[in-house]
Every structure is written in C-alpha cells, then in structure tokens.
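User: Hi! I would like to learn how to read charged side chains in a protein model. Could you walk me through an example?

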Amino acid sequence: MARLPIPGQDSGTWGTILNDFLGEAHTSSGALKAGSVSGNTIADGAVAEAKLAGAVQTKLNDTQAAVTAAQQVTASTQAGTTYTLVLGDASTAIEFTSASAVTLTVPPNSAVAFSVGTVIELLQYGTGQLTVAPGSGVTIRSADGLLSARTQYSTLSLRKRATNEWVLAGDLV
C-alpha cells in the first residue's frame, strides 16, 4: 500500500503518492469503489440520492394528502321546499330531494357572514325545481339572469364574489 506524503521530503512526487493512496478506495473518476466503505457496496452519491428521493416522495405524499382532503366536499340533504343558507353550508354540497318546487334563499352578509370566495354546490336531486332567491340586499349574478335548475340532477354552483354579491353558475333555466 502507498504511504502518505511527507511535507518537504518528497521532491514533487507527493501527488503520485497521494493518488496511489486514494486509488485504494476510489476509481480514476473519483467515485467510491464497490466494497470500499465498511464492506458495503455504495455507488458514488447513492446515499445522497436515496435521501433526496425519500424526501421528495415524502413531500409528494404530504401534498397529495392535502389535495385529497381539500377536494373532499361534505354533502347534506334538504327535503323541504324552502331553505336558507347557513354558515355550515360553506364549501359543501347540498342535495335537494323534494318532489315539489324548492326555493333556496341566499341571506345577506349581515345575517350570515360567509367569506368572500366561499363556494357552495347545489344539486336538484328530486323532481321539484330548485330556484335560488336573493335575500334582502343580496345580488345574484348569473348568465341571462337565470336562477333555477333546469331539471332533476342539474347541478349549480354559488360563489360569493363580494360582501352581498354571489355568482350562480351551472345547468340553469
């Protein structure tokens, strides 16, 4: 085995001695030789790559779990012919099951303070036509001013755009 260089005594040959020494555990490109570390086979950078891959996979799993949780929407069922939104309806789906016409009222911000950006999904599950009505001081904006679900199984979406302004979209008539 090669020896370590001795400062001031190797007359320019220390580089060769050092390379011989390092060559015992490294390839000419500087990578670790197989079996050179504690008898294990470790490719150059394999440990760092494995740690990085593990960290990336953990972050990916955490992100996927958060997205899945955010996408889950709780649903409630309303069987009556009138319903006024409550704060608990924020970010939910409401299924209306009545065979008679149903009126859903969107209350003013002074009565129920939904956050701007709140979205509520509506489903006319029953045969009774679902109509969305604005409460006092509330403006509901929709294409052509339509406020009713077209037919059974039509879905609508209400999004709070401003303090007393909501946007209604979906299968309207």
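**Reading the salt bridges**

Analyst: Happy to! The count here comes to 3 salt bridges, and please keep in mind that this is a predicted model.

User: What can side chains of opposite charge do when their charged atoms come close?

Analyst: The general idea is that such side chains can pair. In this structure, Glu165 and Arg141 form a salt bridge, with 2.6 Å from N to O. The pair ties together distant parts of the chain: Glu165 sits in strand β9 (residues 165-170) and Arg141 in strand β7 (residues 139-141), 24 residues apart.

User: Is Glu165 buried or exposed?

Analyst: Glu165 counts as buried, because its relative accessibility is 13% and the cut-off for buried is under 20%.

User: Which side chain meets Arg150 in a salt bridge?

Analyst: That is Asp171, and the distance is 2.8 Å, N to O. This pair also links distant parts of the chain: Arg150 lies in the loop between β7 and β8 (155-162), while Asp171 belongs to the segment after β9, 21 residues apart. Asp171 is partly exposed, at 27% relative accessible area.

User: What about the salt bridge between Glu165 and Arg161?

Analyst: There the side chains meet at 3.1 Å, N to O. Arg161 is partly exposed, with 46% relative accessibility. Through shared partners, salt bridges join Arg141, Arg161 and Glu165 into one network.

User: Now a charged residue without a salt bridge, please. Where is Asp89 found?

Analyst: Look at the loop between β2 (82-84) and β3 (92-96); Asp89 is there. Asp89 is buried yet has no salt bridge. To read such a case, look for the nearest side chain of opposite charge: for Asp89 this is Lys160, 13 Å away. A salt bridge needs the nitrogen and the carboxyl oxygen within 4 Å, so Lys160 does not qualify as a partner.

User: With which side chain does the side chain of Asp89 make a polar contact?

Analyst: With the side chain of Tyr83, at 2.7 Å. Next, check the surroundings, leaving aside neighbours within four places in sequence: Asp89 is in contact with Ser76, Tyr83, Thr84, Ile94 and Ile120.

Terms used. Residues are numbered from 1 along each chain as its sequence is written. This is a predicted model: local features need pLDDT of at least 70, side-chain atom pairs count only at pLDDT 80 or more; totals for chains, interfaces and linings use all residues. Side-chain values use heavy atoms; hydrogens and water are left out. Helices (H or I, at least four residues) and strands (E, at least two) are DSSP runs, numbered from the N terminus. Buried means under 20% relative accessible area, exposed over 50%, partly exposed in between (1.4 Å probe, protein chains only). Lys and Arg count as positive and Asp and Glu as negative; His and the chain ends are not counted. A polar contact is a pair of N or O atoms within 3.5 Å; within protein, one must be able to donate a hydrogen and the other to accept it, and residues adjacent in sequence count only if both atoms are side-chain atoms. Contact means heavy atoms within 4.5 Å.
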